[in-house]
Amino acid sequence: MYTRIRKALTACIPLLLLPMLLSGCWERKELNELAFVLALGLDKAESGYKVSMQVVIPSSITSQGAGGSGAGGVPVVTYNFTVPTIYESLRKFNLVSSRSPYLGHIRVLVIGEELAREGVGETLDVLKRSREPRMDFYVMVAHKTTAENILKVLTPLDRLPANKLFNALDKSYKISSKTVAVTLDKFIEDLLYEGVNPVLTGVEVQGDPEAGGEKGNIERTSPKARLHYDSVAVFKKDKLIGWMDENETVGYNYVIDSVTKNTGHIKDNGSLVIVEGLSSTTRRKVKIIGGEPHIYLNVEAVCNVEEVEGSDKLDTESKIKYLEEETEERIVARMKQSVENMKERFNVDIFGFGQSIYRSHPRVWAKLQEQNKEGYLQAMTIHYDASVTINRIGTIDNSFLDDIKE
Amino acid sequence: MKDAVNGELSCRLEDNDDHLYKLLGQSSDLVRKRLQLGERTELAIFYIDGLIDTQLLHNSILYSLQEGRVSGLLEELAPDGKIEMLRKRVLMAGDLTVIHDYKHFVHDLLSGNVMLMVEGSASALRIGLPGWEDRSVSEPSSQSVVRGPMEGFTENLRTNTALIRRKIKDSQLWLETIQIGRVTQTSVSIMYLSHIANEELVQEVKRRLNSIDTDSILESGYIEEFIQDTAATPFPTIYNSDRPDTIAAGILEGKVAILVDGTPFVLLAPTIFVSFFQSAEDYYQRADISTLLRCVRFLAFFITLFAPAFYVAITTYHQEMIPTNLVISLAAQRETVPFPAFIEALLMEFTYEILREAGVRIPKNVGQAVSIVGTLVIGQAAVAAGFISSAMVIIVSITAISSFVIPEAGMAIAARIIRFALIGLAGFMGLYGILCGVFLLVLHLVSLRSFGVPYMSPIGPFRAADLKDSIFRLPWPLLKTRPMENKTQNLQRMNTSKREEP
């Protein structure tokens, strides 16, 4: 009897596995049934949003595409929807397209300036909540224009405009430090943390956006419209309140320790010496002196001399020392300028000083919040320091200009 | 009829002759010769044409018998005495034995011996003169190497044992032979080093061989299936090779070789998973490159198992895992493909299996034409016609090529079977399905045993010391001990005392 029951139970075990099969093929999607949204644009509409989606046309990208249109056609198509909520646009998508939108490959999210000024907090919820998009795409703000216009423009070298936006931001951030590359994750983090405010790079259209949407735009040596990163948007929490220029951005990047490469020039006896930073680290220390927080910023940079305009002689050690000191001063000046301008113009702590205090001395931070919630940045003392090592001066010591004169 | 085989030989030549003739169904290749030597000696010679060396029979046996003095020597003796006399003083060639019963008589006759009988004696003289057309020792076909011996086993059992003996000249290399197969009476030999191989292992091999009860053994595959630990697995649990050096190396590690007459493939037991990824060449070339090549083989094994399944899973379930540019290019390729990726993968894999199976059977002179059709159909036309995507062709090709990297065909075949199951799981549940498959596969692998040895050792039960010759191959001076999993009587391969520095 016992064995019979056991046998019956054993026979039931495979039955327990069967319901697993019911979940099979869930969310199965073939590649040719998907519309890959590479760039998403969000603008303000009279009621709700205007959502633009830049969707790639796969067959026009690869030469091998069996579709027949080959590499001739337009590489992307842009869809615009005026909807009360962003999610609604994904459902409206199929009214105009045969394929369903797929957000897993978004490269860039462009937010229109108008919307950014009103606040983007609620808007981003859908992207964070959805399980489709990866959180590693860059977020940017359309400067003096709408996101819709940005997504219209075709780009010649990178046939996918979204790719161009992504890679250009990535490269410019690493090579010049004149932009900030902020992923959606980072942006939301900065929104949530105390004592820090987010920044986003601004992108603008140079030229006529309507002409940029035509195929002719990529058939000219100087396109009628180009996408261009120019300045960086400063947010007070989720609302855009103003713009930083290039120099302020470089200073900002030095302060938050995200400079990889940056170029600057030093005047010396009337000739310009261009020094490029190769790697730089900024150490930040918080000290409480007399109950007041002091921030110590210490930049260590390794630089190369890249260009000398004039007959400056670089063959003595004292000269190199001098250049190093000048460079140090310049870096300090940049940071200072950036911080001072922020204090003056926006009174917004985008550098995360507050957060540093919060992390190292939470009680001081709590006190600071009580006493001076809005103006703590103004009251804070910041000490700047930099130490620069010049590694190389290139393949020639002295400029050849002297030789020409003789 | 059975009684007739088991009975004793008769004294009368006439009876024996008739009996034998009837027993063999009057087969036309049975040769019966009658000789009259002098007045009082009548002889009969029986043999099967084609199984003996006729040249030697004529030149040596018959010539000796015809000599004048022979009839004189035999004249006065009793029939049994005559046989003794022939054995001791007349016939010199061949292996001579006297036998008395029918069973042995018939068996020896059919094994390529000449049987000689004398009128009036109930015994026969067996003269071993085997000589048939044999394939000579040639390059092994299945596991070829760049560096290393180029001789392979043949179909002849004696040649094969000799090939092993030539590699291991040790009195402890023991050889035992039994006959298996009630009808075929195939000789099966086991060879092992008595001072190294585990005694229980040898007993177990013998026990399993002796318990085989079948009518025929035509190839070592029969033996393999009879003695393997379990049939419920796609993985081979007994190693086979037609390379004498591989088999000799196995014997030296304490394994038992099983040689079967009539096939060049010799079995080696016990065996473990990693040994299927080791080529004889690993031990002949430098250790560093051997280790690298072993890693390549493991990688190839994983590719041949997982490549199509992985492709199906990530293109239908996990598109976000593919780099953006690649996913666009893949989407472009799939633009006109009418089937889901899962069906596409199955279609291509089956096409490949068909081509491969056809390739084995196609006559050589048509083969080229068919292979051109095959490559064109699979490679180009199918893609151009929008039938399948070119990425799938790449996947199937790399899968097919990878399967040939594995040195032993048995393991590659296992991978072929499992691959289809994994494609099914991938098409059904994506990466989650593949993971389930891997989970079951690992569970299955660690549960396997080959003659009591855990199949996944030295990884399954982890033994750090045995890793030296598994995934890695350390230089020979460091391989001081034999692998522990064979439970050898003597672990030391070489003197462990410190080497003299030059």
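B:F301 counts as buried in this predicted model, because its relative accessibility is 4%; buried means under 20% relative accessible area, exposed over 50%, and partly exposed in between, with a 1.4 Å probe and protein chains only. The model is predicted, and local features therefore need pLDDT of at least 70 and side-chain atom pairs pLDDT 80 or more, whereas totals for chains, interfaces and linings use all residues. Residues are numbered from 1 along each chain as its sequence is written, chains are lettered from A and ligands numbered from 1 in the order in which they are written, and side-chain values use heavy atoms, without hydrogens and water.

A pair of aromatic rings is described by the distance of the centres and the angle of the planes. In one of them, the ring centres of B:F277 and B:F301 are 5.1 Å apart and the planes stand at 75°, so the pair is edge-to-face. This pair joins distant parts of the chain, 24 residues apart: B:F277 is in the loop between strand 10 (266-269) and helix 11 (287-316) of chain B, and B:F301 is in helix 11. Helices (H or I, at least four residues) and strands (E, at least two) are DSSP runs numbered from the N terminus. Both B:F277 and B:F301 are buried.

B:F301 also pairs with B:F302; the centres are 6.1 Å apart and the planes are at 70°, so this pair is edge-to-face. B:F302 has a relative accessible area of 45% and is therefore partly exposed.

Charges over rings were assigned where NZ of Lys or CZ of Arg is within 6 Å of the ring centre and within 35 degrees of the ring normal. B:R208 lies over the face of B:F451 at 4.1 Å from the ring centre, and A:R359 lies over the face of A:Y193 at 5.9 Å.

Chain B contains 16 helices and 12 strands. Its radius of gyration is 30 Å, well over the 23 Å given by the globule rule for 502 residues, so chain B is more spread out than a compact globule. The radius is taken over C-alpha atoms, and the rule is 2.2 Å times the number of residues to the power 0.38. The C-alpha trace of chain B spans about 105 × 65 × 40 Å along its principal axes. Of the 502 residues, 50% count as buried.

Terms used
Rings of Phe, Tyr and Trp (its six-membered ring) pair if their centres lie within 6.5 Å; planes under 30 degrees apart count as stacked, over 60 as edge-to-face and the rest as tilted.
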